[in-house]
Amino acid sequence: MTIKKRKAYEFEIIDLAFGGKGLAKPDGFPVFIDRVLPGDKVLAKVVKKKKNFAEARLIEFIEKSTKREKALCQYASYCGGCKWQELPYETQLEYKKNHVKESLEHIAKLNDIKVNNVKPSENIYQFRNKMEFSCSDKRWLLPSELSNPDIKKDFGLGLHVPGTFDRVIDLERCEIQPELGNQIMNDVRSFIKGSGVPAYGLRSHEGFWRFLMLRHSFYFDKWLVNIVTAKENNELVMKLALELIEKYPQIDSIVNNITSRKAGIAIGEYEKLLVGKPYIKEKLGKFTFKISANSFFQTNTRGAENLYSIVSGYANLTGKERVLDLYSGTGTIPIWLSKDAKEIIGIEIVESAVEDARKNAELNNITNLKFLTGDIKDVLPSLNQADFDKSGNKIDVMIIDPPRAGMHKGVLAEVLKLLPEKIVYVSCNPATLARDLEVLSTKYNILEVQPVDMFPHTFHIESVADLLLKTK
Ligand SMILES: C[S@@+](CC[C@H](N)C(=O)[O-])C[C@H]1O[C@@H](n2cnc3c(N)ncnc32)[C@H](O)[C@@H]1O
């Protein structure tokens, strides 16, 4: 079969590719299709054709896969959040493990690495401790809502439909946040609708209500509500805040972030505290963290504890080591490891994250951590010369937890000059994990890789790799 652009074909989905798309291979030619699962037979139109692959858009299902189970969420087929919800969780984990293994084999030719079974998420629903719901002046209608003339299309509060930046599904529930979040979201929706003040339009750049961001503390079962608006209207947002606080004693904090920026990002140019404290407290293991509306914090609390326990097991610290934590964020890994090391130095580019890291260390009475602000590619070489080599100190263990893009080439080169005895590499992207491990494997043995699931129903997977310096 010769695949041609703009033509529709019947495809049988045989696999899931990294990125979550379904893969068909008519006569061995790879075709990627979104929102389908292995075992589906579909009619799809080819929208992109390259030499080695094509992409097609689903038109209709001819036969649905027998592997599918009924999704808990009524919006699962439309919302971009949980594309794999109809796949049994065990099957999701098998695909995730394969993606890690295949990336190591295909990208880095690392064929004999031990990749363990994925450590599952303890909860596969109600596990997210942070959700960002968008307000829009354009509501996306579900097929079942299309013929209902009573439904108004000029307001929606919920999540975006993939491929549309300005339309949202008006969600009554989101199954991956704790139940109370749904109640708060529905009360905020009723208030906004009754306020007579319009939602912000991402095309018109007019309107007031922009986002509702909810954070939940798993350990203390408390909530932070962040109302993001385009301008100030203290009287109006305070009225909403007072209604919420009266109804929900579980809410510890309500803030108003204000942003007139055109970009659809739920971070304010400035923040006003409406009720309570400007943060909620959360725990990871025995450590307490203060999290404000705009702080970075892992979104699956129990998942983060799983991840850090594996990091700690691989680091195998005895209390004597100097540890360097690259890409240290708000310092959660150094804090987690603090009792087992002599000293830990974290390096992080975002100033507010470093401030949070220092505050969190202080909150937990930890004194053996040092945080440096800056781009690792600039900070590491200066450390290399000034701090470590000349004083004769060395780094025994390095923890590396880069963003999705992986490590900068220059940083990899610096790491290979420092040559710590042990490296624990934490990755949220199997492709860049493979690329970076290929470079590090010139000097290190890769003992094993442990994938950890923090994001059920999505293709995302975290991995922790245990590396030991070769003895020649
Ligand atoms: C995957 S997060 C790791 C966060 C942290 N280890 C944790 O578990 O919460 C990656 C971090 O790297 C930081 N970052 C990205 N590029 C950087 C760079 N060039 N130099 C320093 N930090 C960087 C980001 O701001 C982010 O906090």
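**Figure 1. Strands S14 and S15 form a hairpin in this predicted model.** Six bridges hold strand S14 (residues 279-284) and strand S15 (residues 287-292) together in the antiparallel sense. Two residues lie between the strands of the hairpin. Gly285, in the turn, has a positive phi of about 60°.

**Figure 2. The protein is divided into three parts: domain 1, domain 2 and domain 3.** Domain 1 covers residues 8-63, and domain 3 covers residues 130-292. Domain 2 is made of two stretches of the chain, 97-123 and 300-469. Between the C-alpha centres of domain 1 and domain 3 there are 36 Å.

**Figure 3. Five strands make a closed barrel.** The order of the strands is S1-S2-S3-S5-S4, and their pairing is mixed. From one strand to the next, the twist averages 50°. Strand S1 (residues 8-16) pairs with strand S4 (residues 41-49) in the antiparallel sense, over five bridges. Within this view, Tyr9 can be found opposite Ala44 in S4. Strands of a sheet pair through backbone hydrogen bonds, and the pairing is either parallel or antiparallel.

**Figure 4. Seven strands make an open sheet.** Read across the sheet, the order is S18-S17-S16-S19-S20-S22-S21, with mixed pairing. Strand S18 (369-373) and strand S21 (444-452) are the edge strands, since each pairs on one side only. Neighbouring strands of this sheet are turned by 15° against each other on average, direction ignored.

**Figure 5. Strand S17 runs parallel to S18.** Strand S17 (residues 343-348) is joined to S18 by five bridges. Ile345 stands opposite Lys370 in S18. Helix H6 (residues 351-363) packs on the sheet and touches both S17 and S18. The direction of helix H6 makes about 170° with that of S18.

**Figure 6. A shell of 20 residues lies around the ligand.** Which of these residues come nearest? They are Tyr327, Gly329, Ile349, Ile376 and Asp401. Helix H5 (332-337), S17 and helix H7 (376-389) are the elements that give two or more residues to the shell. By type, the shell divides into eleven nonpolar, five polar and four charged residues.

**Figure 7. Arg6 and Asn316 have positive phi values, although neither is a glycine.** Arg6 is in the segment before S1, and its phi is near 70°. Is Arg6 buried or exposed? Arg6 counts as exposed because 8 other C-beta atoms lie within 10 Å, and the cut-off for exposed is 12 or fewer. Asn316 sits in the loop between helix H4 (301-315) and strand S16 (322-326). The phi of Asn316 is about 50°. Asn316 has 12 other C-beta atoms within 10 Å, so this residue is exposed as well.

**Figure 8. Thr442 lies in a loop.** The loop runs between helix H9 (430-440) and S21. Thr442 is exposed, because 8 other C-beta atoms are found within 10 Å. How far apart are Thr442 and Arg167 in sequence and in space? They are separated by 275 residues in sequence and by 48 Å in space, C-alpha to C-alpha.

Key. Residues are numbered from 1 along each chain as its sequence is written. This is a predicted model: local features need pLDDT of at least 70, side-chain atom pairs count only at pLDDT 80 or more; totals for chains, interfaces and linings use all residues. Domain bounds come from an automatic or database domain assignment. Two strands pair if DSSP finds at least two bridges between them. Helices (H or I, at least four residues) and strands (E, at least two) are DSSP runs, numbered from the N terminus. Axes are lines fitted to C-alpha atoms, for helices over the stretch in contact, and angles run from 0 to 180 degrees between N-to-C directions. Two residues are in contact if their C-beta atoms, placed from the backbone, lie within 7 Å. A residue is near a molecule or strand if its C-beta atom, placed from the backbone, lies within 6 Å of it. Ala, Val, Leu, Ile, Met, Phe, Trp, Tyr, Cys and Pro count as nonpolar, Asp, Glu, Lys and Arg as charged, and the others, Gly among them, as polar. A residue is buried if 20 or more other C-beta atoms lie within 10 Å of its own, exposed if 12 or fewer, and partly exposed in between; C-beta atoms are placed from the backbone.
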